[in-house]
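Here are my notes on the model you sent over.

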Amino acid sequence: MFLRSFFVYNLTMNNENLMEKIVALCKRRGFVYPSSDIYGGLANAYDYGPLGAELLHNIRSLWWNEFIQRREDMIGIDTQIILHPRTWVASGHVVSFNDPLVEDVVTHKRYRADHLIEHWSKKQENRNTEPVIIEDLNMQQMATYLKKHHITSPEGNRVTEPKEFNLLFETSLGVISGEKSKVYLRGETAQGIFSHFRNVVDTYRIQLPFGIGQIGKSFRNEITTGQFIFRTFEMEQAEIEYFFDPTEIDWRVLLKNWQQDMWNFVTKTLGISEKNLKWRRHTDKERSHYSKETYDLDYKYPFGFKELWGVAYRTDYDLKQHSSFSGKDLSYLHPVTQKKFIPHVIEPALGINRTFFMLLVDAYREEKTNDKMRVFLKLNPKLAPFKGAVFPLVSNKENIVQKAKEIYRNLKKVLNVTWDDRGNIGKRYFSQDEIGTPFCITIDYDTLKDDTVTVRDRDTTKQERISTTELRKYIDSRIRSFSTL
Ligand code: GAP
């Protein structure tokens, strides 16, 4: 047996290094580009290149398949980014969707007060300072804390007292300046769902309990951004509003069930290591204005455990608010008992971009084989941008290239595979490893004789000889049986 001396690591890697490596890999290989690159970039905006677009698409598909298509109690919709502005007054976002903003008195740069306190208190960890639960501090307490500990901006300057800063993005509709009307880019996809609750119940035969999900862009005027695609102005959410009768179902049980479903999706479907995940309950003061109970599923990003996915018990808050602001009856009539009431809601809300980031962090591996370093993404093949790469062993033998093209084109009809005939085989393997392609398929002289190809595995680098007639079946079964363990 062939014994390989190697050392695989990703978690032992210095976190700053890991962040730098992932950002560099994303740009180098076309996962993520700085937005508006040719104009010098736009702060905190990123675009997704050819491989990034594939990965995003695969994340959305897995989520949609698991939570919408495969469940009897779920349906999906797709609503506008710009909704009637009263939506956001009713939802409470115009008044309550705020972060605490401070300004550097010299540079006039703006920061989130809670982030400055968090950063400062992390640096004090080994000194004997009083512990602080930042989520529990109100504006006044933050002001006192900043002053008491002489907390400065990252530039070392004094900062102003914190004040409320609303995160909704304002824009206007209409072409004539005097007649323009103020609207907002949605701050969450949820409100499009609430505003169609009546339409869905009236047009689709579905009974409580049921959920409505959607995937789409949301916008937030974030004060502190940075950390790559973790916190951006424009982002994508996959949200579910799960409606139920609180006299029939205990919300605590339902919330627990949703936590389990979320956990299963992240660990089993996406293949994320359990040790890099943990639940965090929101404190009473931290919770959003609409929530009675919230948990975050935090992932261990290179800068620490941070929110990937939230689940909140929104009670009947939103439907009641929209009912009262719109004057429309948004109650539910039980078809058998004729009981009429406003349903309550559990909301699991996932960030697609944070999922993307998590997948790259979790999948990144470096492997030292004697003198060479191999980088590979141990992505679940269902998520990998390409399921396979097809190579002719040599690019100057017409019959080999022709056979390889034939196999490539046949596979391409059913699987997203790519073609590579540059450089030598070793370089092609390394290049595909780096983008997470699970299988490399090489067509050589033997293929012409016996119709078999070499399939090389991304994770083990082991090679197998497979008949071309079995190739599709082989790849399918390997994709199905993949495990990150
Ligand atoms: N409807 C509930 C809601 O919007 P949230 O916790 O504010 O809840 C849900 O957002 C998810 O959206 C978060 O868990 C996170 O993954 C993602 N998210 C929120 N703000 C983001 C931002 N500025 N950039 C990227 N993702 C963000």
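Predicted model: local features only at pLDDT ≥ 70, side-chain atom pairs only at ≥ 80, totals over all residues.

1. **Ground rules.** Residues are numbered from 1 along each chain as its sequence is written, and side-chain values use heavy atoms, with hydrogens and water left out.

2. **The whole protein.** You're looking at 15 helices and 24 strands; helices are DSSP runs of H or I with at least four residues, strands are E runs of at least two, and both are numbered from the N terminus. Along the principal axes, the C-alpha atoms fill a box of roughly 75 × 65 × 50 Å. Of the 485 residues, 52% count as buried (buried is under 20% relative accessible area, exposed over 50%, partly exposed in between, with a 1.4 Å probe and protein chains only). Take the contacts (heavy atoms within 4.5 Å) between residues at least 6 apart in sequence: 67% of them join residues at least 24 apart.

3. **α2 against α11.** Two packed helices are described by the angle between their axes and the distance between the axes. Helix α2 (residues 50-69) packs on helix α11 (residues 352-363) at an angle of about 110 degrees, the axes being 10 Å apart. The axes here are lines fitted to C-alpha atoms, for helices over the stretch in contact, and the angles run from 0 to 180 degrees between N-to-C directions. That is why α2 and α11 are called roughly perpendicular (65 to 115 degrees; under 35 is roughly parallel, over 145 roughly antiparallel, and the rest oblique). Their crossing is right-handed, a term used if the near helix is turned clockwise from the far one by less than a right angle, with anticlockwise being left-handed.

4. **Who touches whom there?** Which residues of α2 meet α11? On the α2 side they are Gly52, Leu55, Leu56, Ile59 and Arg60, facing Ile352, Thr355, Phe356, Leu359 and Leu360 in α11. The residues of this contact divide into seven nonpolar, two polar and one charged. For the classes, Ala, Val, Leu, Ile, Met, Phe, Trp, Tyr, Cys and Pro count as nonpolar, Asp, Glu, Lys and Arg as charged, and the others, Gly among them, as polar.

5. **α2 against α9.** Helix α2 also packs with helix α9 (residues 251-269): the axes come within 12 Å and cross at roughly 140 degrees. That makes α2 oblique to α9, and this crossing is right-handed. From α2, Leu62, Trp63, Glu66 and Phe67 meet Trp258, Asp261, Phe265 and Thr269 in α9. By class, the contact has five nonpolar, one polar and two charged residues.

6. **Ala53.** While you're on α2, find Ala53, which lies in this helix and counts as partly exposed at 39% relative accessibility. Ala53 and Asp446 are 393 residues apart along the chain, and their C-alpha atoms are separated by 36 Å.

7. **Helix α10.** In α10 (residues 317-326), the buried residues include Asp318, Leu319, His322 and Ser323. Viewed down the α10 axis, the buried residues fall within an arc of 130 degrees, so they line one face of the helix; the arc is that of the directions from the helix axis to the C-beta atoms. Among the elements covering them are α3 (86-90), α7 (190-195), α8 (197-203), β11 (234-244) and β14 (304-315). Just after α10, Gly327 takes a positive phi of about 75 degrees.

8. **Ile229.** Beyond its neighbours within four places in sequence, Ile229 is in contact with Val32, Tyr46, Tyr48, Asn353, Phe356 and Phe357. Ile229 and Val23 are 206 residues apart in sequence, with 9.5 Å from C-alpha to C-alpha.

9. **Backbone spots to check.** The peptide bond from Leu208 to Pro209 is cis, with omega near -5 degrees; Pro209 is in the loop between α8 and β10 (210-219). His150, not a glycine, has a positive phi near 50 degrees. His150 lies between α6 (139-148) and β7 (163-166), in the loop, and is exposed at 66% relative accessibility. Asp451 is another non-glycine with a positive phi, about 60 degrees. Asp451 is in the loop between α14 (445-450) and β23 (452-457) and is partly exposed, at 30%.
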